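Visitor: I would enjoy a guided look at this fold. Could you take me through some of its packing and pairing?

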Amino acid sequence: MTDHQNLRQAALFYHEYPKPGKLEIRATKPMANGRDLSRAYSPGVAEACLEIKADPANSARYTARGNLVAVVSNGTAVLGLGNIGALASKPVMEGKAVLFKKFANIDCFDIELNQPDPEKLAEIVCAMEPTFGAINLEDIKAPDCFIVEKICRERMNIPVFHDDQHGTAIVVGAAAKNALHVAGKKFEDIKIVSTGGGAAGIACLNMLLKLGVKRENVWLCDIHGLVHEGRNEDMNPQKAAYAQNTDLRDLDQVIEGADMFLGLSGPNVLKPEMVAKMAARPIIFALANPTPEILPEEARAVAPDAIIATGRSDYPNQVNNVLCFPFIFRGALDVGATEINDEMQIACIDGIAQLARTTTSAEAAAAYRGEQLTFGPDYLIPKPFDPRLIGTVATAVAKAAMDSGVASRPLEDIEAYKQKLNGSVFKSAMMMRPVFDAARTASRRIVFAEGEDERVLRASQAVLEETTETPILIGRPDVIEQRCERYGLTIRPGRDFEIVNPQDDPRYRDYWGTYHSLMSRRGVTPDLARAIMRTNTTAIGAVMVQRNEADSLICGTFGQYLWHLNYVQQVLGTDELHPVGALSLMILEDGPLFIADTHVHAEPTPEQITETVIGAARHVRRFGLAPNIALCSHSQFGNLNCDTGQRMRAALEILDSEPRNFSYEGEMHIDAALDADLRERIFPDTRMQGAANVLVFANTDAASGVRNILKMKGGGLEVGPVLMGMGNRAHIVTPSITTRGLLNMSAIAGTPVAHYG
């Protein structure tokens with residue numbers, strides 16, 4: 001079977017199983033009993049209807065309309081397939097709806113209409129205004145698409161956006177802006193030659209004029225040659241706007257001296273010999289799919305310094321509308337925009353372009369591992385899976401809508417809006433906000449034991465950008481320097497952060513001397529102390545904290561947890577400070593859940609369980625939550641005399657021996673901990689109200705197992721593990737931690753212990 005056949009079979013399987021199509025509808029409110037039914041439908045629904053009748057703006061409060069977009073097509077110009085009809089276009093429109101949901105959490109109905117007449121099509125779309133907050137027109141042939149959009153925009157009081165035109169134009173505008181920056185050229189000075197007089201091509205040229213390109217410097221060609229004054233063949237008003245007064249007639253003649261080629265036409269239109277005629281450092285956007293106007297390798301063969309973009313994902317600089325349409329709609333919907341105007345589109349361009357010039361996010365780097373994501377000729381625009389797009393672009397669009405007067409529901413706090421959007425993609429963002437706020441009240445020095453790790457380097461960049469902390473990295477300076485450059489990071493050792501070089505550091509003698517003084521009566525000789533301070537970065541970091549050269553240590557991105565814990569305890573443990581337990585915060589769809597002890601005590605004693613419970617209560621408050629702690633066991637309220645039940649009951653007695661300022665209960669099963677009604681039936685005298693938000697287990701096997709199941713199968717995002725009992729002087733992460741996880745841990749480490757008791 002050929003590669004094409006394999007791909008075809010895989011694509012068909014993807015669309016058919018486990019159920020046909022790519023979309024389904026789910027209820028967002030409970031529908032479990034008669035009371036729910038009476039509120040959702042008759043008679044309760046009448047109240048929402050009357051509120052909307054009194055004020056149509058209330059539709060955004062009481063219905064899904066404010067977050068609902070229609071993707072509308074008649075299938076007359078489906079990308080790469082042509083006029084395949086409305087029904088055959090449905091998989092494409094379903095796909096567009098999925099992208100809206102995935103990238104911007106916008107709900108979407110795909111609507112395919114058997115209506116080739118543009119005016120009648122527009123009438124149908126206009127009649128759907130009560131249902132939707134915005135309309136995305138898709139894959140309608142030119143010039144019909146111009147007619148449909150014009151009528152709809154004039155008659156409708158919601159945004160109408162033909163993505164084939166404006167979405168493409170916005171992404172091209174962003175890529176062109178950054179390409180000119182790289183090439184050292186300006187919009188007002190360049191000559192542009194374009195092929196393709198369809199909807200996308202015309203929209204791109206219109207946008208480039210808005211960005212500063214001069215009309216007389218645009219040369220438009222189509223299948224019949226140059227669009228020129230006096231030409232009658234295959235002309236329309238949109239093309240005629242770019243007609244040149246010249247005797248030149250074809251692409252080969254007009255390409256001479258061009259700074260930019262913009263292709264939205266067909267395969268192999270631009271020949272290598274034409275590229276050779278272009279200006280120095282030519283910009284070539286060959287966007288035909290699946291085969292571009294010229295392949296990048298052919299263009300570079302004659303112009304090695306060319307800056308090239310295509311519409312394909314297997315080459316750098318893919319011009320993909322998904323960089324635009326989810327986020328421009330997100331911003332428009334959230335402020336109740338009545339249209340998507342030029343100001344909003346240019347704000348979208350600026351947001352996309354700006355994002356490409358900043359440091360690449362760790363999440364994008366992970367999604368596109370192996371690709372060079374550093375701003376330059378091969379990285380002009382961000383990747384679609386860069387999670388910062390929604391916060392950056394949608395916020396810029398929303399602000400532009402407000403500033404230009406088309407927002408019917410202006411936002412009071414644009415910065416809070418941006419944080420909310422970022423919280424929708426960075427699941428830990430909202431939960432971590434109290435911790436980050438507390439961390440900003442002090443400037444602490446955080447030493448990372450594994451300073452050469454890519455995640456640590458990216459986290460260090462984020463620490464410097466988002467907190468008041470100072471990272472210190474343990475590693476070889478030349479390796480760290482090279483990797484910062486390779487990963488496109490702007491931070492550099494010596495300038496932005498301190499390095500401790502285990503192979504050659506002037507403090508080496510002091511460090512091994514300190515370690516030896518601590519360990520000399522525990523079998524560590526001077527030679528062994530020297531060897532450890534040359535090779536063991538966790539021990540080095542712990543010594544730095546012990547010597548007050550750092551405030552907290554983060555280690556564990558590789559290796560076994562207890563191995564790291566051994567050195568942390570050796571150097572930093574005291575009678576007052578000793579490892580109590582490891583606490584993991586699991587951020588789940590229905591809220592946070594803390595798990596302990598996941599790593600420290602394999603079979604904790606009742607006293608150790610008690611310390612874990614008290615420590616967990618203290619740390620849960622750091623997240624702005626009231627602790628509700630369940631002591632979990634195979635036994636449930638004394639029904640079994642098993643080992644875990646005995647230890648949990650003994651811990652409960654210790655806890656009850658003194659007044660506590662938090663809620664706890666035990667021993668019980670996990671389901672009873674999380675289901676208050678079940679717990680009430682089993683044990684009516686329970687002292688705990690509602691679902692537990694902390695589960696404390698009697699052995700690490702159970703705690704770690706629950707943690708990993710929630711992470712791998714429950715969609716949970718872990719923050720931690722937090723090492724309790726060490727006064728915030730050290731935290732040991734696990735090898736599965738991400739860059740954002742390290743950033744979260746640095747914020748936890750960056751809060752002085754006095755802030756949380």
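**A walk through helices and sheets**

Guide: Gladly! Helices α6 and α7 cross in a right-handed way, and please keep in mind that this is a predicted model.

Visitor: At what angle do helix α6 and helix α7 pack?
Guide: Two packed helices are described by the angle between their axes and the distance between the axes. Here α6 spans residues 118-127 and α7 spans residues 144-155. Their axes lie 9 Å apart, and the packing angle is about 35°.

Visitor: How many residues of the contact of α6 with α7 are charged?
Guide: From α6 come residues including Leu121, Ala122 and Val125, which meet a set in α7 that includes Ile147, Val148 and Ile151. Glu119 and Glu123 of α6 also take part, as do Asp144 and Arg155 of α7. The contact has nine nonpolar residues and no polar ones, and the number of charged residues is four.

Visitor: Which are the edge strands of the open sheet of five strands?
Guide: This sheet has parallel pairing and the order β13-β12-β11-β14-β21. Its neighbouring strands are turned by 20° against each other on average, direction ignored. Each edge strand pairs on one side only, and these strands are β13 (498-500) and β21 (730-732).

Visitor: What is the bridge partner of isoleucine 446 in β14?
Guide: Strands β11 (residues 445-448) and β14 (residues 552-555) pair in the parallel sense over three bridges. Helix α31 lies across β11, β14 and β21, running at about 160° to β14. The bridge partner of isoleucine 446 in β14 is serine 552.

Visitor: One last stop: is threonine 538 buried or exposed?
Guide: Threonine 538 lies in helix α24 and touches residues including Ala449, Leu553, Trp563 and Tyr567. Its relative accessibility is 0%, so threonine 538 counts as buried.

Conventions
Residues are numbered from 1 along each chain as its sequence is written. This is a predicted model: local features need pLDDT of at least 70, side-chain atom pairs count only at pLDDT 80 or more; totals for chains, interfaces and linings use all residues. Side-chain values use heavy atoms; hydrogens and water are left out. Helices (H or I, at least four residues) and strands (E, at least two) are DSSP runs, numbered from the N terminus. Buried means under 20% relative accessible area, exposed over 50%, partly exposed in between (1.4 Å probe, protein chains only). Contact means heavy atoms within 4.5 Å. Axes are lines fitted to C-alpha atoms, for helices over the stretch in contact, and angles run from 0 to 180 degrees between N-to-C directions. A crossing is left-handed if the near helix is turned anticlockwise from the far one by less than a right angle, and right-handed if clockwise. Ala, Val, Leu, Ile, Met, Phe, Trp, Tyr, Cys and Pro count as nonpolar, Asp, Glu, Lys and Arg as charged, and the others, Gly among them, as polar. Two strands pair if DSSP finds at least two bridges between them. Lists of a residue's contacts leave out its neighbours within four places in sequence.
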